Amino acid sequence: MSSPMSGSPFDPWLTADPEVRSLLAAEVDRQSTTLQLIASENFTSTAVLAATGSVLTNKYAEGYPGRRYYGGNQVIDEVEDLARDRLKALFGAEHANVQPHAGSNANLAAYQALLQPGDTVLAMRLDHGGHLTHGSPASITSKVWNFVSYGVSAATDDPDKPGEIIDFDQVADLARTHRPKLIVAGSTAYSRIIDPLPFREIADSVDAKFLYDAAHPAGLIAGGVHPSPVGVADVVTFTTHKTLRGPRGGAIVCASEYAKAIDGAIFPGLQGGPLENVIAAKAVAFAEAARPEFAAYSAQVVANAKALAASVAAEGVRLVSGGTENHQVLCDLRSFDAELTGKEAQEVLDRAGITCNRNTIPDDPRSPFITSGLRLGTAALTTTGMGPAEMARIGALLGRTLRERADEAAVASIRAEVRELCAGFPPYPDLAGA
Ligand SMILES: *Cc1c(COP(=O)(O)O)cnc(C)c1O
């Protein structure tokens with residue numbers, strides 16, 4: 001008699017809580033039978049899952065290795081040192097902090113370390129791809145610091161110069177006008193390489209510090225397919241769960257001169273006890289990201305994004321910035337169907353088993369809740385072994401779903417095709433359900 005797998009390497013022990021076990025099993029089923037195209041998601045290794053689900057969750061370890069506030073941290077210190085050493089080696093960084101519970105916390109700590117309350121920060125506009133922590137009115141960041149925003153250039157009809165890329169003239173102008181103390185590079189919805197060098201030059205020209213938020217491309221940087229901001233930016237923050245394929249969390253690397261300020265900003269500035277189970281899982285992921293297979297994976301993520309972009313463009317969807325150089329494909333649905341909103345597209349794609357998120361496009365006429373765009377990402381499906389042929393098939397399925405969105409029978413038949421496609425690429429073949 002087989003029972004559904006729970007998604008935990010420690011599945012047998014979860015029989016003690018059948019309610020939670022069955023919810024985890026339902027989520028394994030969802031992750032295994034639908035297409036995960038959310039650009040900020042990935043599938044960790046089972047080793048990362050195992051470390052996350054370990055006894056290290058029991059330990060209080062406020063402070064840092066060798067400087068803890070509680071006893072019993074001999075092993076924990078080794079775990080955190082291992083994670084820090086592996087991270088420093090991965091990016092060639094002088095200092096690493098692996099304690100941020102999330103990318104947002106990493107950014108808050110960087111601001112705290114580099115700024116005084118009220119200081120001016122120049123960061124990317126949210127509706128052009130920036131993150132909530134880059135000064136959204138809804139975020140604490142905008143209440144503590146004074147944010148000024150740069151955006152992308154206007155779209156053009158020229159296929160060789162499609163526009164919608166970061167406008168460095170505007171960054172330089174705003175820097176001269178507002179004299180920010182900090183310039184932030186990084187985005188949550190932008191399909192191009194973000195070169196750290198022009199930001200560094202502009203920051204130097206106005207005597208500003210430079211923070212590179214690598215939340216999305218961290219894995220592509222580790223894999224050597226995007227330029228590294230380490231050693232260029234003063235501080236680099238990132239998440240460990242997006243392209244880097246580790247556990248959900250954040251991390252910071254910086255030059256030694258900022259080490260004390262960054263560490264103090266995370267603890268006691270922002271957080272209490274670190275999640276040492278997650279830190280162990282980060283250590284596992286950092287070692288995985290240092291292997292040659294990860295460089296091949298990163299290159300494949302980008303190749304798959306290019307294939308997916310070509311196939312959705314063939315369906316009549318306009319690509320924001322005309323294409324992609326990373327793991328993301330930003331779709332403007334207005335060219336496909338002027339009536340179709342991002343919200344409606346996301347909902348019908350969900351019913352077809354194609355999981356993605358609606359997204360604003362630059363200068364979107366619709367609200368951030370409705371939107372005119374979709375954001376797709378290839379980091380997770382590439383982990384399962386899918387390649388350009390599958391991406392072409394997914395683009396076609398996406399086009400069909402959107403065209404036939406009013407026909408529930410058609411959507412159900414696409415759902416069945418998606419299920420069959422996913423069956424060939426199980427994300428967790430090692431988690432036996434017996
Ligand atoms: C995802 C993201 C973050 C925050 O990550 P969380 O772990 O969700 O807090 C920060 N900055 C950018 C640019 C991101 O895309």
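The model is predicted; local features need pLDDT of at least 70, side-chain atom pairs count only at pLDDT 80 or more, and totals for chains, interfaces and linings use all residues. Residues are numbered from 1 along each chain as its sequence is written, and side-chain values use heavy atoms, with hydrogens and water left out.

I start with the ligand. There are 13 residues around the ligand, and the nearest are Gly103, Ser104, Asp213, His216 and Lys242. A residue counts as near if one of its heavy atoms lies within 4 Å of the molecule. By type, the shell holds 2 nonpolar, 9 polar and 2 charged residues. Here Ala, Val, Leu, Ile, Met, Phe, Trp, Tyr, Cys and Pro are nonpolar, Asp, Glu, Lys and Arg are charged, and the others, Gly among them, are polar. Helix α4, residues 103–114, gives the most to this shell, with 3 residues. Helices (H or I, at least four residues) and strands (E, at least two) are DSSP runs, numbered from the N terminus.

Now the polar contacts, meaning pairs of N or O atoms within 3.5 Å. A polar backbone atom of Gly103 is 2.9 Å from an oxygen atom of the ligand. For Ser104, a polar side-chain atom lies 2.7 Å from a ligand oxygen atom. Asp213 has a polar side-chain atom 2.6 Å from a nitrogen atom of the ligand. On its own the ligand has 390 Å² of accessible area, and the protein covers 86% of that; the method is Shrake-Rupley with a 1.4 Å probe.

Next, the domains. The assignment, automatic or from a database, gives domain 1 as 55–289 and domain 2 as 292–427. Their C-alpha centres lie 27 Å apart. In contact, that is with heavy atoms within 4.5 Å, are 28 residues of domain 1 and 27 residues of domain 2. Between them the domains bury about 2100 Å², 52% of it on carbon and sulfur atoms. Buried area is the accessible area (1.4 Å probe) that two parts lose on being put together, summed over both. Of the area that domain 1 buries against domain 2, Glu164, Ser191 and Arg245 supply 28%, more than any other three residues.

Last, the backbone. Most residues other than glycine have a negative phi, and most peptide bonds are trans. Glu164, not a glycine, has a positive phi of about 60°, and sits in the loop between β6 (146–150) and α6 (168–178). Phe267 and Pro268 are joined by a cis peptide bond, with omega about 10°. Pro268 is in the loop between α9 (259–266) and α10 (276–289).

Notes
A polar contact is a pair of N or O atoms within 3.5 Å; within protein, one must be able to donate a hydrogen and the other to accept it, and residues adjacent in sequence count only if both atoms are side-chain atoms.
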